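Thanks for coming, everyone. I'll keep this short.

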Amino acid sequence: MGEGARRVRRRAGLVGGAGAARGAAPGDAGVSGDGVGASYDAAAQGWRAGPERMYRRLAEAMAGHAPVEVRDARVLDAGAGTGVAGDALRRRGARSVVAVDLAPGMLPGAPALATVGDLTRLPFRDGSFDLAAAAFSLNHFADPTDAMTELHRVAGALVATVFAPGWDHPAKEAVDGVMAGYGFVPPGWYADFKASGAYELDPAGFEAYARAAGFGSADAEVVEVDTGLGAPADLVGWRLGMAHLAPYVAGLDPEQRQRARRDAEEAVTGMPPLVVRMVVLRAR
Ligand SMILES: C[S@@+](CC[C@H](N)C(=O)[O-])C[C@H]1O[C@@H](n2cnc3c(N)ncnc32)[C@H](O)[C@@H]1O
């Protein structure tokens, strides 16, 4: 095992699994009531009204890095959310897209085929796909090896993204801070997720996970994407639709919700536009 793999193993040992930390099986992190899947399910409407715009632009950028010919490919959109990666690959000529996600409410409709499922136990035969696309889903695992092993089993190639180490935007803290004033307390899974640092991974670490999962070749690089979003309403829409916040926002009464949104927009006014640094992995 190379130094990169040892480093990620050490790191995985240090941070524990999002689910494993609570004694759950790998990938079960989101199945329980206050877990990832339930939060995304409850957030689906807010996500479509907010973060989807940013993730769509990131997915477009990711699609240009596929390690195999996309034209005519059978694609698995893994941790698909609302299906933006599948959409981007279909626009590049993919023959078919199957979307799989823990959260039924997030899943896209036709022309994608969609199914609820866990990335660590995929309900597909070996080699069912030419390409798996995992846009910001593998970062939900402190150790994504099991999920990536499953992706290797069902698809010949993988393109995947996570946030680059150190990438941040001041709107994140500012909007969470405003919402704390409205009584918001981050759900347990989100606190674990932030504490684990699992949402970001350096290129060497991502490559090492891919090799440990069985991919023979793996290349990862940092890519910067100017999402074109930056107006206060864009930044606040992005943050308020995220899975840790959207269910809480939906529970506020309409007058409070409007006030919270105004306060948040005031808090982010003058902030820089949303330029995201992500790590893109190509493996096969
Ligand atoms: C940040 S969202 C990204 C969604 C979409 N890929 C995109 O780029 O917009 C992460 C998605 O991964 C899903 N997810 C997290 N853990 C998962 C698991 N173990 N199995 C399947 N999906 C999972 C969540 O439900 C969520 O929809």
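Which residues on the other side of H11 are exposed? Glu-255 and Gln-258. Keep in mind that this is a predicted model.

So what is H11 itself? Helix H11 runs over residues 254–268, 15 residues in total. From first C-alpha to last, H11 reaches 21 Å, close to the 21 Å expected at 1.5 Å a residue. Its buried residues are Ala-260, Ala-264 and Val-268. These cover an arc of only 65° around the axis, which puts them on the same side of H11. And what covers them? The cover includes helix H6 (170–180) and helix H9 (232–240). Just after H11 comes Gly-270, with a positive phi of about 90°.

Next, the ligand. There are 22 residues around the ligand. Coming nearest are Tyr-55, Gly-79, Gly-81, Ala-135 and Ser-137. H2 has the largest share, three residues.

Last stop, Phe-129. You'll find Phe-129 in the loop between strand E3 (113–116) and strand E4 (131–135). Is Phe-129 buried or exposed? Buried, because 24 other C-beta atoms lie within 10 Å, and the cut-off for buried is 20 or more. Leaving aside neighbours within four places in sequence, Phe-129 is in contact with Arg-74, Val-75, Leu-76, Val-154 and Ala-155. Take Leu-76: 53 residues away along the chain, yet the two C-alpha atoms are separated by 6.3 Å.

Terms used: Residues numbered from 1 in each chain as written. Predicted model: local features only at pLDDT ≥ 70, side-chain atom pairs only at ≥ 80, totals over all residues. Helix = DSSP H or I, 4+ residues; strand = E, 2+ residues; numbered from the N terminus. Buried ≥ 20, exposed ≤ 12 C-beta atoms within 10 Å, placed from the backbone. Contact = placed C-beta atoms within 7 Å. Near = placed C-beta within 6 Å. Expected span 1.5 Å × (residues − 1). Arc of directions from axis to C-beta.
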